[in-house]
Amino acid sequence: MLTLKQIRYCLDQMAEMFPDAHCELNHRNPFELVIAVALSAQCTDALVNKVTKDLFQKYKTPEDYLAVSDEELQQDIRSIGLYRNKAKNIRKLCQLLIDEYGGKVPQDRDELTKLPGVGRKTANVVVSVAFGIPAIAVDTHVERVSKRLAICKWKDSVLEVEKTLMKKVPREEWSVTHHRMIFFGRYHCKAQSPQCHICPLLDVCREGKKRMKGKQIDG
DNA sequence: CTCCCGATAT
DNA sequence: ATATCAGGAG
């Protein structure tokens, strides 16, 4: 496990590598962000943005999503994948926003989690990005990076990863750290071909050094 | 744990 | 061909 000082070093390096790390899901308000993040499950941001470009032109309010048939919404988001579940969740979510929240997106993580299709990770993204509330959303990239760098344990659940990060990182840095870890994981410490050979963190990364061993050209 | 699922990278 | 993608629900 990395020491606090080593973690600090890693986060500083990530900040240098990705000084402009930010939310890459296109949105103009909290409602659009909820929809975009709900759509992004097991799908790339780039593909979500491709779909929401037209989607957000056609649907601007919760009422708009309820005005069409389930099949029509499915077709509008089909290329995202998991489209039957997502269409159903979005329509239920919109109904709930109207019935329980005055058509507004609640600014509370636990209230957000009550919305269908919105789990802890999605709720953390919304409160953090839309409302500026400190949170660390642990997605596939944050989990992978945390485990490869041994910031947490290999067998930790996503909730345990989140708790560890909240403990090790100052609250005022939660949101920016979470985005830097996502950029680091998405563009550098990638799932399939991690860039260990040009990684500034290699000297503190057990997993990276393990990966490099089998690829030595000379002895 | 399984299921949902198309697009893209490897 | 297979792995992965800003996961969540049953």
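Student: How many residues touch between domain 1 and domain 2?

Tutor: Nine residues of domain 1 contact eight of domain 2, with contact meaning heavy atoms within 4.5 Å. Keep in mind that this is a predicted model, where local features need pLDDT of at least 70, side-chain atom pairs count only at pLDDT 80 or more, and totals for chains, interfaces and linings use all residues. Residues are numbered from 1 along each chain as its sequence is written, chains are lettered from A and ligands numbered from 1 in written order, and side-chain values use heavy atoms, leaving out hydrogens and water.

Student: Which parts of chain A are the domains?

Tutor: Domain 1 is 4–19 + 137–212 and domain 2 is 30–131; the bounds come from an automatic or database domain assignment.

Student: And how much area do they bury?

Tutor: About 590 Å² between them, 52% of it on carbon and sulfur atoms. Buried area is the accessible area (1.4 Å probe) that two parts lose on being put together, summed over both. In domain 1, Ala137, Glu162 and Arg186 lose the most area to domain 2, together 50% of what that side buries.

Student: New topic: how many salt bridges cross the interface?

Tutor: The rule finds three between domain 1 and domain 2, each needing a side-chain nitrogen of Lys or Arg within 4 Å of a carboxyl oxygen of Asp or Glu.

Student: What does Arg186 pair with?

Tutor: Arg186 forms a salt bridge with Asp45, and their closest N and O atoms are 3.2 Å apart.
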